[in-house]
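Colleague: I am new to this structure. Could we go through it in short questions and answers?

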Amino acid sequence: MIKKILPYLLIAISLISCVEQRKSAVTESATAQKTETTIKAAIDFGSNPIARQYKTIIVEKYNELKVNFASHYIIVTWGCGSGCVTGAMVDTRDGFVYSMPDDNEWGGNGTYIESKKESEILLTVLVVQSTTRELEETRKYWEWDEELKEFRFNKVESIISNQKD
């Protein structure tokens, strides 16, 4: 009787072992994929002069923030005067630092910057109040060129709204 049951028992143990090995491999693969997306490269301070000049704020924000632009980048911003922001962008894959778009018209990047994790369009916005108390937003759209590693100006639009007292 034991001779008849033994082959079936060995097959069952073998199948259970294979299933457990498969589960382990799938779990390890999922963990590796998750780790790849959360690991950030060390910042390369030699990649851009702005990286050395604003090292403290870039390091602080880079460590604090998650990817917030074009799937791989973290945009870090800081004030550059009253109602003015500027910043830099760090590639989480290699740590290279890139400057925000050059906007000679504004002398910075406007009042605020908007970005989306899965978009390659960066929005810079300048908000000013007119003498009639209307708010005018000038929005500039910039497209990130991944191959050239630079921003290209896309379009500008103005929005005027009445400010409530």
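Colleague: Which residue in the turn between E6 and E7 has a positive phi?

Modeller: This is a predicted model. In it, E6 and E7 form a hairpin, with 4 residues between the strands. The turn residue with a positive phi, about 60°, is Lys149.

Colleague: How many bridges join E6 to E7?

Modeller: The two strands run antiparallel. Across the pairing, Trp142 stands opposite Phe153 in E7. The number of bridges joining E6 to E7 is 12.

Colleague: Which residue in the turn between E5 and E6 has a positive phi?

Modeller: E5 covers residues 121–129 and E6 covers residues 134–145. They too form a hairpin, with 4 residues between them. Its turn holds a residue with a positive phi of about 70°, and that residue is Arg133.

Colleague: Over how many bridges do E5 and E6 pair?

Modeller: Leu126 stands opposite Thr138 in E6. The strands pair in the antiparallel sense. The count of bridges for E5 and E6 is 9.

Colleague: Which residue in E5 does Glu114 stand opposite?

Modeller: E4 and E5 pair in the antiparallel sense over 3 bridges. Opposite Glu114 in this pairing is Leu123.

Colleague: What is the volume of the second largest pocket?

Modeller: The lining of this pocket has 14 residues. Helix H2 (49–53) and strand E2 (85–91) are the elements that give two or more residues to that lining. The volume of the second largest pocket is about 190 Å³.

Colleague: How many residues of that pocket's lining are charged?

Modeller: Ile50, Thr86, Asp102, Gly108 and Asn109 are the lining residues that lie nearest the pocket's centre. The lining of the second largest pocket divides into 4 nonpolar residues, 8 polar ones and a charged group. The number of charged residues is 2.

Terms used. Residues are numbered from 1 along each chain as its sequence is written. This is a predicted model: local features need pLDDT of at least 70, side-chain atom pairs count only at pLDDT 80 or more; totals for chains, interfaces and linings use all residues. Side-chain values use heavy atoms; hydrogens and water are left out. On a 1 Å grid over the protein atoms alone, a cavity is a set of points where a 1.4 Å probe fits but cannot get out, and a pocket is an open set with protein on both sides within 12 Å along at least five of seven lines; lining residues have an atom within 4 Å of a point. Grid points are joined across faces, edges and corners, and a volume is the space filled by probe spheres set on the points. Ala, Val, Leu, Ile, Met, Phe, Trp, Tyr, Cys and Pro count as nonpolar, Asp, Glu, Lys and Arg as charged, and the others, Gly among them, as polar. Two strands pair if DSSP finds at least two bridges between them.
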